[in-house]
Amino acid sequence: VVVVLDCGSQYTQLIARRIRELKVYSEILPWDASLEEIRSKNPKGIIISGSPKSILLPGSPMISKELLELGIPVLGICYGMQLLSHILGGQVGRVGLAEYGRACIEIQGEGEGLFKGLPKQFNVWMSHGDTVVKLPPKARVLAKSEGGLIAAMAVEGKQIFGLQFHPEVVHTEHGVEILKNFVFDICQCEPSWNLGDWVDEQIKEIARTVGDGKVISAVSGGVDSTVAAVLTKRAIGDNLHCVFVNNGLLRLNEPEGVLSVYRDKLDLNVHYVDASDKFLAALKGITDPEEKRKAVGRTFIEVFEEEAEKFGDAQWLLQGTLYPDVIESGHKGKGASVIKTHHNVGGLPEKMKFKLLEPLKDLFKDEVRAIGAILGVPRSILRRHPFPGPGLSVRCLGEVTREKLDLLRRADAIFIEELDLAGFYEKVWQAFCVLLPVRSVGVMGDERTYGYTIALRAVESLDGMTADWTYLNRELLDKVARRICNEVHGINRVVLDVTSKPPATIEWE
Ligand code: XMP
């Protein structure tokens, strides 16, 4: 195992994930984990992450010097390098030159160790204001940036390394090779770990954590909550109770489809609640997006609480939270601002007296899909695009009504059907229709129409945090537009969204 000590960087999980991609298990511990705890993991290598803090200010993350005397290779990334330098007697400062974004570095001397097999110069991704200005004793410079700053260092005779840039992000050329050199050549790890091992360990871990306790879970038919439920079911069997709430904001035929998979294919213990009326009543008159989220979130808690009473002895609440949800809701990355409140992260645990079980919270979507496949979750679920907790309410701009939802549902089903037929469904991260609150004039037959507008949105993304719009072909777009206008009475115009994220978000609200 390679232990990643988290000092609060937004990239910590990405480091762990890159190591896992090399088939080496990687686990994250907080920077203040005790020496015993770190040693108990028997790490072959330790990576210290970046941080939004400055080592120059009091109260910033610190590690004990003894950790550097265990003979275990250590790699400090960004703040991690500054921390290592500080502890070992070097000096960190502000030189008036901050490096953000792309920078070119030049390897000093022979490229060996971390830089084995790499070109002399290449581009990396930097993000720092503080800099190592004086190396600790016995350390040497491995690479410098264009601006002449120390971009990488190594301590002679000790397996201690520092990188000022981020090898874990895709914008760093040869980042994977650098991590490979660290993990395989320096730490001597074997590439033998796989996601199947993760599943086995996690099942044991859930069983150990929950014991004979009962777990209740809200399932939505989405990849995350389903995989979390199936995993937990493997661990504790019938002590898992799932609740599926129909909030009236689901897609065409979705409740029936999902229930049948849960009951017939996955053998999950599911209680179905149709609370559509309640949700629509709560949304009445609301047009503000965050207010909609709150109304849906609040109603969900009410409905769920009512159901939960039926399992009064459940102590645990299972949630399929993924890592990107945690970041975007502003829980991570200290001081990160809330872009949209994702209700599967906020709300529930504080209001209710449950302990929270979040087995997927260190993972990215594609890892969860792979785990689902190992667990035998049908492809019909694994291939599904992400769908927001507030459902169609944030795709029905302006006030949400039953009539508008009905139009949106039927248009969306046409778009998705055609997208799938054209082979695009699995190529895009997400695709959907948005019902705009504007009406415009059209002509059908000899009749003047005055109908609503549908916007088509299709994006590619790795984790939903950034996204680019997808170039769908003319034939497909044409067919979708014609079918929607012909088949969904009340819609007479279809437009295409060609904005990426940023500056837009994926959803329109
Ligand atoms: P945005 O629109 O913020 O979306 O670019 C990023 C990803 O998150 C999904 N999303 C949500 N998921 N509750 C959720 O569970 C929400 O309130 C919410 N808002 C957006 C969105 O579909 C996309 O995958």
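The legends below walk through several close-up views of this predicted model. Residues are numbered from 1 along each chain as its sequence is written. Because this is a predicted model, local features need pLDDT of at least 70 and side-chain atom pairs count only at pLDDT 80 or more, while totals for chains, interfaces and linings use all residues.

**View 1. The chain is split into three stretches: domain 1 (2-186), domain 2 (195-382) and domain 3 (402-496).** These bounds come from an automatic or database domain assignment. Between the C-alpha centres of domain 1 and domain 2 there is a distance of 36 Å.

**View 2. Cys78, His166 and Glu168 carry the UniProt annotation "active site", taken from an unreviewed entry.** UniProt positions follow the numbering used here, feature names are shortened, and annotations may be inferred rather than shown by experiment. The residues are spread over 91 residues of sequence, yet they cluster in space, with a largest C-alpha distance of 11.2 Å. His166 sits in the loop between β11 (160-163) and α4 (175-186), and Glu168 lies in the loop between β11 and α4 as well. Helices (H or I, at least four residues) and strands (E, at least two) are DSSP runs, numbered from the N terminus.

View 3. Leaving out residues up to four places away in sequence, His166 touches Tyr11, Gly50, Ile77, Cys78, Trp125, Ser127 and Thr172. With residues up to four places away again left out, Glu168 touches Tyr11, Leu14, Ile15, Arg18 and Gly175. Two residues are in contact if their C-beta atoms, placed from the backbone, lie within 7 Å.

**View 4. Helix α1 (residues 12-21) is mostly covered, with seven of its 10 residues buried.** The buried residues of α1 are Thr12, Gln13, Ile15, Ala16, Arg18, Ile19 and Arg20. After α1 comes Lys23, which has a positive phi near 65°.

**View 5. Strand β3 (residues 45-48) is covered on both faces.** Gly45 and Ile47 are buried on one side, and Ile46 and Ile48 are buried on the other. In a regular strand the side chains alternate between the two faces of the sheet. Strand β1 (residues 2-6) runs parallel to β3 and is joined to it by four bridges; here Leu5 stands opposite Ile48 in β3. Strand β4 (residues 74-77) is also parallel to β3, with three bridges between them, and Ile47 stands opposite Leu75 in β4. Two strands pair if DSSP finds at least two bridges between them.

**View 6. Ser220, Gly221, Gly222, Val223, Asp224, Ser225 and Thr226 are listed by UniProt under "binding site", in an unreviewed entry.** Gly221 is placed in the loop between β12 (214-218) and α6, whereas Asp224 is found in helix α6. Gly221 is buried because 20 other C-beta atoms lie within 10 Å, and Asp224 counts as buried because it has 22 C-beta neighbours inside 10 Å. Leaving aside neighbours within four places in sequence, Gly221 is in contact with Thr226, Glu254, Val258 and Ile381. On that basis, Asp224 is in contact with Gly320, Leu322, Leu360 and Val368.

**View 7. Helix α6 (residues 223-236) is mostly covered: 13 of its 14 residues are buried.** From its first C-alpha to its last, α6 reaches 20 Å, close to the 20 Å expected at 1.5 Å a residue. The expected span is 1.5 Å times one less than the number of residues in the helix. Just after α6, Gly237 takes a positive phi of about 60°.

**View 8. The largest nonpolar core has 78 residues.** A nonpolar core is a set of buried Ala, Val, Leu, Ile, Met, Phe, Trp, Tyr and Cys residues joined through C-beta atoms within 7 Å. Val215, Val227, Ala411, Cys433, Leu435 and Ile484 touch the most other members of the largest core. Its largest share, eight residues, comes from α6, and this core draws at least three residues from each of domain 2 and domain 3. Apart from it lies another core, of 54 residues, including Val2, Met81, Leu149 and Ile186.

Key:
Buried ≥ 20, exposed ≤ 12 C-beta atoms within 10 Å, placed from the backbone.
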